[in-house]
Amino acid sequence: MHPLQRYMQTRYEFGGRGPDAYDCYGLVRAVRAEIFGLPWMPHYRFAGDDDKRAMTAAARHANRSLSPCEPRAGAIAEVWHGRLCTHVAVVVELNGRLAVLETGKATGPRWDYLPDFEARNLRVLYYH
């Protein structure tokens, strides 16, 4: 079984930090630590899909300890609409190509190749 498959078997839950349910940030947080061996990021349980201002504050806070980068495995893909961070996903490699793993209230966990993810979103910034 591919290491990312277990995340595909979870469900979306506001404030979810695993192992059975995640919100978008919780999924990013878990995959970066568990798959890529990066340090655990703060919980930010207050920041979820329903509160874009809180999500933006969490993104700005987290970005202070991260560096902007080109898309690469393990990077955070932040979706911005104007001044608001509205969603986060994690960049992974699937079938030799960059993709994002994400979860949402309407979709649950899913992955999409990077060009398709970028085409669906106005502005995507990457941090590692």
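Biologist: Which element gives the most to the lining of the largest cavity?

Modeller: First, this is a predicted model, in which local features need pLDDT of at least 70 and side-chain atom pairs count only at pLDDT 80 or more, while totals for chains, interfaces and linings use all residues. Residues are numbered from 1 along each chain as its sequence is written, and side-chain values use heavy atoms, with hydrogens and water left out. Helices (H or I, at least four residues) and strands (E, at least two) are DSSP runs numbered from the N terminus. With five residues, the element that gives the most to this lining is α3.

Biologist: How many cavities of 30 Å³ or more does the count give?

Modeller: On a 1 Å grid over the protein atoms alone, a cavity is a set of points where a 1.4 Å probe fits but cannot get out, and lining residues have an atom within 4 Å of a point. Points are joined across faces, edges and corners. By this rule, the number of cavities of 30 Å³ or more is one.

Biologist: What volume does the largest cavity have?

Modeller: A volume here is the space filled by probe spheres set on the grid points. For the largest cavity, the value is about 130 Å³.

Biologist: Which residues are the closest to the centre of the largest cavity?

Modeller: α2 (24–34), α3 (52–63), β3 (76–81) and β4 (84–94) each supply at least two residues of the lining. The lining has 14 residues, and the closest to the cavity centre are Y25, A58, A59, E78 and V88.

Biologist: How many residues of that lining are nonpolar?

Modeller: Ala, Val, Leu, Ile, Met, Phe, Trp, Tyr, Cys and Pro count as nonpolar, Asp, Glu, Lys and Arg as charged, and the others, Gly among them, as polar. One lining residue of the largest cavity is polar and one is charged. The nonpolar residues number twelve.

Biologist: Why is α2 largely enclosed by the rest of the structure?

Modeller: Buried means under 20% relative accessible area, exposed over 50%, and partly exposed in between (1.4 Å probe, protein chains only). The buried residues of α2 include C24, Y25, G26 and L27. The helix is largely enclosed because, of its eleven residues, the number buried is ten.

Biologist: Is R32 buried or exposed?

Modeller: R32 sits in helix α2. At 4% relative accessibility, R32 counts as buried.

Biologist: With which side chain does the side chain of N63 make a polar contact?

Modeller: N63 belongs to helix α3 and is buried, at 14% relative accessible area. A polar contact is a pair of N or O atoms within 3.5 Å; within protein, one must be able to donate a hydrogen and the other to accept it, and residues adjacent in sequence count only if both atoms are side-chain atoms. Beyond its neighbours within four places in sequence, N63 is in contact with E78 and Y127. The polar contact, at 3.2 Å, is with the side chain of E78.

Biologist: How many bridges join β3 to β4?

Modeller: Two strands pair if DSSP finds at least two bridges between them. β3 and β4 form a hairpin with two residues between them, and G82 in the turn has a positive phi of about 65 degrees. H81 has L84 as its bridge partner in β4. These strands run antiparallel, and the number of bridges is six.

Biologist: In β5, which residue is the bridge partner of V91?

Modeller: β4 and β5 (residues 97–102) run antiparallel, joined by five bridges. In their hairpin, N95 takes a positive phi near 55 degrees. V92 has A99 as its bridge partner in β5. The partner of V91 is V100.

Biologist: In β6, which residue is the bridge partner of L101?

Modeller: β5 also pairs with β6 (residues 110–113), in the antiparallel sense, over four bridges. The partner of L101 there is W111.

Biologist: How much space lies in the largest pocket?

Modeller: A pocket is an open set of points with protein on both sides within 12 Å along at least five of seven lines. The 13 lining residues divide into one nonpolar, six polar and six charged. Nearest the centre lie H87, E102, T103, G104 and T107. The space in this pocket is about 170 Å³.

Technical notes: Contact means heavy atoms within 4.5 Å.
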